[in-house]
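Please look over the model first.

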Amino acid sequence: MDINKKIILFDGVCNLCDRSVQFIIKRDKNDVFRYAALQSETGEKLLAERNIDSNEIDSIILIEPNVAYYTKSTAALEIGENLKGLRTISSILLWLPESFRNIVYDFISKNRYKWYGKKADCMIPTEELKSKFI
């Protein structure tokens with residue numbers, strides 16, 4: 001695993017999460033990120049190493065190896081700060097209190113399956129994208 005890459009853990013059966021990962025991949029021009037489903041062996045290992053309970057956090061997690069990890073709205077906004085076109089808005093929104101941001105984030109997260117649907121299995125990356133998944 002490349003320790004210079006930030007790792008995005010995402011809900012592999014969530015359609016919103018899948019679309020978000022596709023959105024990030026298209027805009028990750030500097031190849032900053034690597035991806036793993038929370039439900040994957042790698043995802044479960046990374047969660048366990050950080051003592052993160054997947055029953056508590058079941059959506060997006062950003063890991064900066066040897067630095068920190070971020071959850072919920074902070075993870076999403078930290079990801080946005082690395083993407084062209086989202087840097088400014090992410091930087092501004094990070095100034096809002098995390099508790100306020102997470103109210104909005106939790107509302108969307110709680111309803112994501114109802115609004116966007118759920119897949120039976122995790123996404124299988126194409127040959128072109130396999131190198132981005134760990």
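## Terms and model

Contact here means heavy atoms within 4.5 Å. Angles run from 0 to 180 degrees between N-to-C directions, with axes fitted to C-alpha atoms. The model is predicted.

## The sheet

Four strands make up an open sheet. Their order is E2-E1-E3-E4, and the pairing is mixed. Strand E2 (33-37) and strand E4 (68-71) are the edge strands, each pairing on one side only. From one strand to the next, the twist averages 20 degrees.

Strand E3 (residues 61-64) and E4 run antiparallel, joined by four bridges. Across this pair, leucine 62 stands opposite tyrosine 70 in E4.

## Helices on the sheet

Helix H2 (residues 41-49) lies across strand E1 (6-10), E2 and E3. Helix H2 runs at about 110 degrees to E1.

Helix H3 (residues 72-80) also packs on the sheet. Helix H3 touches E1, E2, E3 and E4. The direction of H3 makes about 110 degrees with that of E4.

## Positive phi in two loops

Most residues other than glycine have a negative phi. Aspartate 31 is not a glycine, yet has a positive phi of about 50 degrees. Aspartate 31 sits in the loop between helix H1 (15-27) and E2. With a relative accessible area of 24%, aspartate 31 is partly exposed.

Asparagine 51 is not a glycine either, and has a positive phi of about 55 degrees. Its place is the loop between H2 and E3. Is asparagine 51 buried or exposed? Asparagine 51 is exposed, because its relative accessible area is 72% and the cut-off is over 50%.

Note on methods: Residues numbered from 1 in each chain as written. Predicted model: local features only at pLDDT ≥ 70, side-chain atom pairs only at ≥ 80, totals over all residues. Heavy atoms only, no water. Pairing = 2+ DSSP bridges. Buried < 20%, exposed > 50% of the residue type's maximum accessible area, 1.4 Å probe, protein only.
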